[in-house]
Amino acid sequence: MSPIRAMSRTHGERGFVSQILLFVGISALTGALVAGLAVPFAGLLGLSSQSATDAFENMDGNLTSPPLPERSRVLAADGSVIATFYDQNRVEVPLKRVAPAMQQAIVAIEDARFRQHGPLDIQGTLRAFVRNQQSGGVSQGGSSITQQYVKQVLFENAQTPEEKAQVIEDSYGRKLQELRYAVELEKKMTKDEILGKYLNIVYFGDGAYGIESAARHYFSTTAAKLTVPQAAMLAGLVRDPNNVNPVADAKAAVNRRNLVLSRMATLGMISPKAYQEARATPLGLKMNKTPRGCYYSKYPFFCDYVEQLLLHDTNLAKTRDQRRQMIDQGGLTIQTTLDPKAQAAAEKAVHDNVRPTDGAIGAVSMVEPGTGYIKAMAQSRGYGQGKGNTFINLNVPQRYNGTLGYQPGSTFKPFVLAAAIKQGIPITKSFPSPGSTVITGPVKTCPGGKPGAVTEPWKVSNSTSAGSTSTMISGATHSVNTFFAELEKVTGICEPATLAARMGAVRADGRPLQQVKPFTLGVNEIAPVSMAEAYATFAARGLHCNAVPITEVTDRTGNQVKVQGPDCKQVLPRDVADGVNYVLRQVIDGPDPGRTGADMHLDGRQAAGKTGTSEDRIGVWFMGYTTNMAAASVITDADAPQTTLIGKEIGGRRVFGDQVWGGKLAGPMWTAAMKGALEGKKSPDFVEPNPDVVQGVPTDVPSVISMSRDQAQKTIEAAGFSMAIGSYVDSGLPRGTVARQSPGPNSKAGSGSTVVVYISDGSPPAPPPQPEPPQQPNPQPQPQPPKGPDLPPGPGGPGPDKPHGPHGPLGGILGAG
């Protein structure tokens with residue numbers, strides 16, 4: 001049987017043996033005085049002093065001291081504390097940052113001879129031994145500070161309730177093992193080192209672990225600034241922190257404090273005068289409780305998102321339980337991106353427009369372009385239970401305690417716009433934009449990276465006014481559905497969907513984006529922070545940075561801890577992003593009086609944006625940005641099954657059909673948040689687009705004269721242009737072939753622009769009139785030859801059939817006649 005088990009018995013003959021062996025161990029460590037007492041008892045049991053000594057020395061003396069559980073803090077960008085996580089509210093400090101009065105007070109009441117004795121206080125142990133013999137059990141401890149520290153470490157190391165129960169078991173076997181650890185500890189550490197560790201590990205009651213947290217908790221000060229009466233009160237708590245609680249029983253705390261002061265005076269640590277003054281001092285509590293977790297945070301949803309990201313980050317630790325332990329015990333400093341000013345502006349904007357108990361919900365996410373830093377995250381519902389509250393973060397994806405997302409409507413159109421510009425289609429190119437149309441042909445897709453196509457007919461109608469044709473500018477400013485349906489037919493769905501995903505606009509449920517014909521109208525459910533991330537990519541000229549709330553995590557020693565942080569990559573050519581920015585700037589700041597974003601103008605700043613309204617007007621969005629801030633603003637029906645916002649009371653008013661649009665409902669919320677967040681800051685202007693993006697890259701125009709209509713179309717499209725049919729013209733070329741074209745053969749025109757062809761009617765033009773003979777004096781009237789047919793207008797000016805581009809005539813008409 002091991003020495004520990006042999007010495008763990010209590011009461012009767014076995015308990016008596018344990019007590020004797022305890023003294024045998026003591027004699028081996030402390031010299032002849034105690035050995036003289038112990039050896040006779042050992043002899044009665046047939047044991048020699050040497051054998052008892054050997055048994056003691058064979059015990060394990062290596063005490064494993066893992067890092068103490070220490071609280072972790074979450075900080076805003078300005079260094080203010082957002083939240084604190086802990087199992088034990090502890091902040092470790094070195095002994096030099098503990099007031100001398102505190103060091104003296106704890107020694108006075110717990111181990112007055114701490115600096116004179118070794119690992120064991122013989123006098124205290126003998127006194128305890130005698131009294132325990134008289135009581136028939138372990139009724140008084142004689143533990144030194146070193147032994148108490150050992151016990152605290154063993155308790156921290158215990159993982160199960162059974163292991164913890166063994167640590168606090170009142171037996172001599174346990175005490176002897178603690179003594180063995182204490183012996184080795186005093187060989188390796190100085191008294192100051194032991195005292196410092198002791199003050200950091202002990203519990204001071206009311207959730208405060210360690211002297212620094214206790215000083216902050218009870219007196220709103222630091223361990224370095226503790227006064228004598230404050231130090232005495234704290235020292236008096238260590239022996240019985242639950243029963244001597246100054247908050248629950250001030251009288252008991254005062255009595256215990258005064259006992260400590262008396263001990264300090266007796267030991268000469270303080271003068272009689274100082275003793276009397278300290279004794280007359282009131283407790284003077286100035287409580288400063290440290291809230292735990294996100295529930296009491298000023299920014300609970302942002303805090304919760306930070307916590308969830310860390311719990312999912314395998315860089316922090318291998319398993320979720322280990323990650324939880326790191327957060328609660330690791331003493332981490334978690335530096336975040338949150339800008340309190342931007343957050344306040346976002347919260348005010350949301351609460352001014354949507355109330356917590358409305359049948360609709362509102363949310364705003366703000367992301368900094370070029371860094372991906374989430375600057376603000378606000379929502380209309382509060383954090384918690386009950387009406388008007390929720391634990392669901394309305395801004396983030398489902399995986400992180402978030403939402404299933406909302407259909408962003410027309411705010412998805414810019415991804416098709418970006419794909420079109422990337423494919424070389426100039427923003428001035430016209431596409432049909434009838435009031436309604438049916439997209440019947442196949443449209444290219446690439447689900448799972450595999451080439452495919454969707455063929456089901458899609459009927460699409462406009463909800464805004466538009467001409468028979470639109471350009472990217474007019475199509476965006478008026479949010480013309482049929483224009484973007486026609487544009488998507490050309491770009492395909494694969495590239496817009498790929499760009500959207502690379503820019504961060506991913507589904508909130510984690511599934512791939514659905515590549516269907518209505519893709520451009522925003523039928524995928526997206527979280528607001530993901531949309532803000534994507535639009536920030538446009539603002540950063542195609543540089544995508546994943547939206548992050550954390551910039552850095554450091555451990556208790558200041559070393560950096562690896563976690564998922566900002567990751568930036570160019571996913572869109574700059575020229576393409578500049579083109580998109582130019583188009584979306586027209587939505588807010590353009591000259592068109594009918595633009596959908598006219599009310600979102602930011603005085604003194606260039607801004608770009610897009611409105612969005614989902615099917616049946618269940619939800620409305622406004623997505624917008626400057627060069628240094630992108631924001632998503634959404635208001636949507638709150639409860640499933642979702643219904644239209646029309647007729648609901650939102651923000652203290654009932655909204656009707658003319659108000660339930662992205663620019664009317666979500667737009668003002670976006671504007672208020674942006675103005676508040678950017679107040680006092682400058683926003684650089686956008687980079688103007690490359691003229692080639694606007695008009696197209698100058699490209700040789702092929703000659704299609706005398707070709708059939710089908711052959712001409714193939715030739716023109718192969719060269720990067722589109723073809724339009726002009727009027728029939730007189731020509732000697734075969735009927736149905738191209739007689740003329742504009743721009744003319746072998747000229748230069750912008751890629752993606754339109755070449756107009758004129759088809760021969762097979763009739764050569766009539767000869768021009770003959771010149772009149774010179775006039776003679778007193779001429780006689782001469783008969784005039786008959787007039788030929790009217791000819792098509794030449795290059796001097798447009799005729800009634802001459803096509804116009806968005807900025808005027810497309811050019812002169814050249815060709816064979």
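Predicted model: local features only at pLDDT ≥ 70, side-chain atom pairs only at ≥ 80, totals over all residues.
**Exercise 1.** Which strands stand at the edges of the open sheet, and why is one side of each left without a neighbour?

*Solution.* 
Step 1. Write down the strand order: β7-β6-β24-β23-β22. The sheet is open, has 5 strands and pairs them in the antiparallel sense.
Step 2. Look for strands with a single partner.
Step 3. From one strand to the next it averages 5°.

**Exercise 2.** How many bridges join β22 and β23, and which residue is the bridge partner of G612?

*Solution.* 
Step 1. Find β23 at residues 619-626. Its antiparallel pairing with β22 covers 6 bridges.
Step 2. Go to G612. Its bridge partner in β23 is W621.

**Exercise 3.** Which strands does helix α24 touch?

*Solution.* 
Step 1. Locate α24 at residues 662-678, packed on the sheet.
Step 2. List its strand contacts: β6 (360-367), β22, β23 and β24 (629-637).
Step 3. Give its direction. It makes about 35° with that of β23.

**Exercise 4.** Are α22 and α23 roughly parallel or roughly perpendicular?

*Solution.* 
Step 1. Two packed helices are described by the angle and the distance between their axes.
Step 2. Take the values. The axes of α22 (residues 528-539) and α23 cross at roughly 105° and come within 8 Å.
Step 3. Classify. Angles of 65 to 115 degrees count as roughly perpendicular, so α22 is roughly perpendicular to α23.
Step 4. Name the contact residues. α22 gives Y535, F538 and A539; α23 gives A577, V580, N581 and L584.
Step 5. Sort them. The contact has 6 nonpolar residues, 1 polar and no charged.

Technical notes. Residues numbered from 1 in each chain as written. Heavy atoms only, no water. Pairing = 2+ DSSP bridges. Helix = DSSP H or I, 4+ residues; strand = E, 2+ residues; numbered from the N terminus. Axes fitted to C-alpha atoms, helices over the stretch in contact; angles between N-to-C directions. Contact = heavy atoms within 4.5 Å. Parallel < 35°, antiparallel > 145°, perpendicular 65-115°, else oblique. Nonpolar A, V, L, I, M, F, W, Y, C, P; charged D, E, K, R; others polar.
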